[in-house]
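Reader: I would like to learn how to read a structure feature by feature. Could you take me through one slowly?

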2 protein chains.
Amino acid sequence: MGINADLVKKLRESTGIGIMDCKAALIEADGDLEKAMNVLRKKGLASAKKRTGRKAMEGMIASYIHHGDKIGVLVEINCETDFVARTDEFKDLARDVAMHIAATSPSYISKEDVSCDVIEKEKEIYSEQSKGKPEHAITKIIDGKLEKFFSQFCLLQQTFIKDNKISVNEYLMSKVAKLGENIKIRRFTRYQLGG
Amino acid sequence: MGINADLVKKLRESTGIGIMDCKAALIEADGDLEKAMNVLRKKGLASAKKRTGRKAMEGMIASYIHHGDKIGVLVEINCETDFVARTDEFKDLARDVAMHIAATSPSYISKEDVSCDVIEKEKEIYSEQSKGKPEHAITKIIDGKLEKFFSQFCLLQQTFIKDNKISVNEYLMSKVAKLGENIKIRRFTRYQLGG
């Protein structure tokens with residue numbers, strides 16, 4: 001059985017083990033990456049802990065704990081160089097975003113992250129809600145309600161709490177222009193006590 | 001069709017809508033909670049945002065950002081009263097736990113949280129690794145390796161970074177004794193830049 005070179009590479013990267021051993025393990029596991037990992041562990045070659053990838057990604061992890069310690073946010077924001085990551089401007093941005101998330105509790109980073117299933121279900125509800133309205137108005141109503149949904153639940157589409165004339169995305173873009181690097185909110189977690 | 005009173009209660013709690021409407025929605029949805037929620041929304045009674053439960057749970061959300069802003073931890077720690085949650089002792093505990101998680105990156109809170117599937121897979125690997133050893137020794141070897149697995153990946157079973165003579169659980173229990181309240185690490189999130 002031939003083993004895909006990409007798979008060998010992936011197994012190498014996640015274990016740090018040599019090509020020949022990785023290839024043999026993949027053959028034994030019929031090309032299944034997870035099984036091959038276990039084959040290597042059974043042979044005592046790999047450890048349970050995956051090596052963290054050495055992806056070239058800069059930025060910072062920021063947190064915001066709301067007064068009273070009942071709400072907390074953790075956020076990862078990426079940029080292109082550590083130089084930019086260390087600027088006060090970037091750190092302010094990270095703090096602002098964390099504070100914004102604490103206040104608004106978004107469900108998604110961007111409207112692109114909302115699954116088709118969720119969108120379909122929302123549309124179904126909106127079309128039910130707009131029953132009886134003239135046919136030509138319904139599409140518009142549904143689109144409008146969907147945009148409202150995005151601006152309620154998607155971080156980038158939300159109105160920025162520190163300036164209600166712009167969205168979080170527009171705030172981000174203003175920083176991109178200033179700092180001259182691509183900036184991305186990669187992930188966030190928001191805890192509310194007992195939530 | 002009869003509707004379970006528990007379901008009606010749940011729907012009430014998550015929507016804040018009256019009993020009769022909740023019951024009618026559940027009947028229309030054949031007792032499916034999520035569908036009933038959508039029925040209420042179609043009728044314009046409920047909003048997309050679930051109400052946060054008003055569970056009586058005290059404690060705090062704490063964070064720890066490692067020097068250099070490349071690792072961050074968010075943790076929720078519960079106790080029984082807000083009085084204890086506001087003590088310096090409790091706040092120190094929360095900070096210590098967050099710092100510990102940043103340093104050791106556990107995968108689970110407790111060994112009780114490790115799924116049977118994972119344990120079975122680990123056991124399989126250990127038994128393969130101990131092939132050729134005398135029969136009576138193998139069970140002991142496997143148990144020993146499993147304990148080692150727990151102490152590597154489970155927060156409560158890990159050795160506490162600030163005192164390597166006790167586990168995190170023992171540290172927690174010492175605080176329970178001091179503060180006189182049950183204390184629980186409820187959840188945590190650990191971000192590593194680019195991880």
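Author: Let us begin with a definition: a residue is called buried under 20% relative accessible area, exposed over 50%, and partly exposed in between, using a 1.4 Å probe and protein chains only. This is a predicted model, in which local features need pLDDT of at least 70, side-chain atom pairs count only at pLDDT 80 or more, and totals for chains, interfaces and linings use all residues. Residues are numbered from 1 along each chain as its sequence is written, chains are lettered from A and ligands numbered from 1 in the order in which they are written, and side-chain values use heavy atoms, with hydrogens and water left out.

Reader: Then is K133(A) buried, exposed or partly exposed?

Author: K133(A) counts as partly exposed, because its relative accessibility is 45%. Helices (H or I, at least four residues) and strands (E, at least two) are DSSP runs, numbered from the N terminus, and K133(A) sits in the loop that joins α6 (116-129) to α7 (135-153) in chain A.

Reader: Which residues is K133(A) in contact with, beyond its neighbours within four places in sequence?

Author: Contact means heavy atoms within 4.5 Å, and with those neighbours left aside, K133(A) is in contact with I138(A) and I141(A). In helix α7 of chain A you also find T139(A), which is exposed, with a relative accessible area of 51%. The C-alpha atoms of T139(A) and G31(A) are separated by 48 Å, the two residues being 108 residues apart along the chain.

Reader: How many helices and strands does chain A have?

Author: Chain A has eight helices and three strands, and along the sequence they come in the order α-α-α-β-β-α-α-α-α-α-β.

Reader: What can the radius of gyration tell me about chain A?

Author: The radius of gyration is taken over C-alpha atoms, and the globule rule is 2.2 Å times the number of residues to the power 0.38. For a compact globule of 195 residues the value would be near 16 Å, whereas chain A has 23 Å. The C-alpha trace of chain A spans about 65 × 50 × 40 Å along its principal axes, and 41% of the 195 residues of chain A count as buried.

Reader: How are the two chains related?

Author: Copies are superposed by least squares on the C-alpha atoms of residues with pLDDT of at least 70 in both. Chain A is superposed on chain B by a rotation of 180 degrees with 0.1 Å of shift along its axis, at an RMSD of 0.2 Å. The two copies are thus related as by a two-fold rotation axis. Of the interface residues of chain A, 98% are also interface residues in chain B, so the copies meet through the same surface.
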